Amino acid sequence: MMPVVAGEEEPKKSKPSVRKRADAIKPYICKNLIAVIEAPSDIKNIGTVIRNVNALGCEKVYVVDPRNALPDDWQEMREKPSLSKTSVSAVKWSFVKRFDSTDDCFNQLEENNFHSVVTSPHVKGETNIWLHEGDFTEHTKLAVWFGNEKRGISERAVERSDACVAIPMFGMIESLNLATSSGIVLYEVTKQRRGYQSKYKKGRKRGKRTEPLPTVMDREESQQ
Ligand SMILES: C[S@@+](CC[C@H](N)C(=O)[O-])C[C@H]1O[C@@H](n2cnc3c(N)ncnc32)[C@H](O)[C@@H]1O
C-alpha cells in the first residue's frame with residue numbers, strides 16, 4: 001500500500017482488494033469501544049480523530065455536536081467533503097454518529113450498558129488515572145471521551161463518567177492537541193482490548209481460548 005501524506009488522498013483500491021482488506025482487519029477491530037468527541041470546534045480535529053479511530057481499530061465515533069456542524073444521516077456524513085478530506089476518507093469506513101448534547105450521548109451509551117471514561121490533562125472528578133496505569137479491559141463496553149479544544153471536557157461528562165484518564169505531560173505547555181491525544185489514548189486502549197479479545201471469547205461461548213488469536217497482522221498482510 002502506498003503511504004499517504006497530509007493533503008494527499010488514499011490511493012484508489014479495486015473492489016476485490018477493498019473486500020480482502022475489510023475481511024483481514026475484522027478480527028482486530030475492538031468490539032464495543034467508542035471514541036466520543038465532545039463539542040469539537042475544528043472540523044480538522046473531527047476528521048483526524050475519525051482517522052485515528054479507523055487506523056487503530058476502534059469500533060465507532062460519537063460526536064457531541066451542539067452547533068449542528070454535522071449531518072444526522074450517516075450517508076450524508078460519509079459524503080461530507082470536509083470530513084472526507086480531513087479524515088483521508090476514513091469517514092467512509094467508520095461508523096460516526098452525532099448527538100445534540102452531552103446528556104443525549106450519555107443516555108444512549110448508558111441505555112446500551114456502556115461505561116465511560118473522560119480524558120483530560122487535569123485532575124477532574126473523583127477517580128484520576130494515568131493512561132499507562134489504567135485497565136481498559138475491565139468493562140465489556142467502553143466509551144472514551146475527548147473534550148473541546150479550548151474548554152476541555154465538561155463538568156457534566158466528568159460527573160457521568162467512571163474516571164478521568166491523563167497522558168503524563170513533561171513540557172511547558174498545558175495540554176496536547178485534541179486529535180493527537182486521541183491517537184495516544186486510543187493506541188493504549190485498543191492495544192489492551194485487542195490483547196483481551198485475543199485471549200477471551202465473547203457472546204454465549206464466553207471463556208478463555210485454548211490458543212490466543214494474533215494481536216497484530218502479519219507485516220506483509222498489513223501492507224496490502
Ligand atoms: C486541547 S485539550 C483541551 C485543553 C483545555 N484547556 C483543558 O482544560 O482540558 C483538548 C482535549 O484533548 C485531550 N487531552 C489533551 N491533553 C491531554 C492529556 N495530557 N491527557 C489526557 N487528555 C488530554 C482532552 O480530551 C482534552 O479535553
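What share of the contacts in the protein between residues at least 6 apart in sequence join residues at least 24 apart? The share is 80%. The legends below go through this predicted model view by view.

Figure 1. The protein has 224 residues and a radius of gyration of 17 Å. A compact globule with 224 residues would have a value near 17 Å, so the two agree. Along the principal axes, the C-alpha atoms fill a box of roughly 45 × 45 × 40 Å. Of the 224 residues, 33% count as buried.

**Figure 2. The largest nonpolar core, with 46 residues.** In soluble globular proteins, nonpolar side chains tend to be buried together. Which residues have the most contacts inside this core? They are Ala35, Val36 and Val144. Strand β1, residues 30-38, gives the most to the core, with six residues.

**Figure 3. Val36 and its contacts.** Set aside the neighbours of Val36 within four places in sequence. Val36 is then in contact with Tyr62, Val64 and Cys105, and also with Ala143, Val144, Trp145 and Phe146. Two of these names return in the core: Val36 and Val144 are among the residues with the most contacts inside it.

**Figure 4. Strand β6, residues 142-146, mostly covered.** Five of the five residues of β6 are buried. Which residues lie on each side of β6? Leu142, Val144 and Phe146 are on one side. Ala143 and Trp145 are on the other. Both faces of the strand are covered.

**Figure 5. Strand β6 and its partners β1 and β4.** β1 and β6 pair in the parallel sense over five bridges. Look for Leu33: its bridge partner in β6 is Leu142. β4 also pairs with β6 in the parallel sense, over four bridges. Here Ser116 stands opposite Ala143 in β6.

**Figure 6. Strand β4, residues 115-119, beside strand β7, residues 163-166.** Is β4 largely enclosed or largely open? Four of its five residues are buried, so β4 is largely enclosed by the rest of the structure. β4 and β7 pair in the parallel sense over three bridges. Val117 stands opposite Ala163 in β7.

**Figure 7. The shell around the ligand, with 18 residues.** The closest residues are Thr119, Pro121, Gly147, Gly152 and Ser181. How many residues of the shell are nonpolar, polar and charged? Eight are nonpolar, eight are polar and two are charged. One of the closest residues, Thr119, carries a number that falls within strand β4, residues 115-119.

**Figure 8. Ala39, a residue with positive phi.** Most residues other than glycine have a negative phi. Ala39 is not a glycine, yet its phi is positive, at about 50°. Ala39 sits in the loop between β1 and α2, which spans residues 43-56. Is Ala39 buried or exposed? Ala39 counts as buried because it has 20 C-beta neighbours inside 10 Å. The cut-off for buried is 20 or more.

**Figure 9. Val88, with a positive phi of about 50°.** Val88 is not a glycine either. Its place is in the loop between α4, residues 81-86, and β3, residues 95-99. Inside 10 Å, Val88 has 21 C-beta neighbours, so Val88 counts as buried.

**Figure 10. Tyr200, in strand β8, residues 200-201.** Tyr200 is partly exposed because 13 other C-beta atoms lie within 10 Å. Which residues does Tyr200 touch, not counting those up to four places away in sequence? They are Gly207, Lys208 and Arg209. Tyr200 and Val117 are 83 residues apart in sequence. In space they are 23 Å apart, C-alpha to C-alpha.

**Figure 11. Arg21, in helix α1, residues 15-25.** Is Arg21 buried or partly exposed? Arg21 is partly exposed because 16 other C-beta atoms lie within 10 Å. Arg21 and Pro212 are 191 residues apart along the chain. Their C-alpha atoms are separated by 22 Å.

Definitions and conventions: Residues numbered from 1 in each chain as written. Predicted model: local features only at pLDDT ≥ 70, side-chain atom pairs only at ≥ 80, totals over all residues. Helix = DSSP H or I, 4+ residues; strand = E, 2+ residues; numbered from the N terminus. Buried ≥ 20, exposed ≤ 12 C-beta atoms within 10 Å, placed from the backbone. Near = placed C-beta within 6 Å. Nonpolar A, V, L, I, M, F, W, Y, C, P; charged D, E, K, R; others polar. Core = buried A, V, L, I, M, F, W, Y, C linked by C-beta atoms within 7 Å. Contact = placed C-beta atoms within 7 Å. Pairing = 2+ DSSP bridges. Rg over C-alpha atoms; globule rule 2.2 N^0.38 Å.
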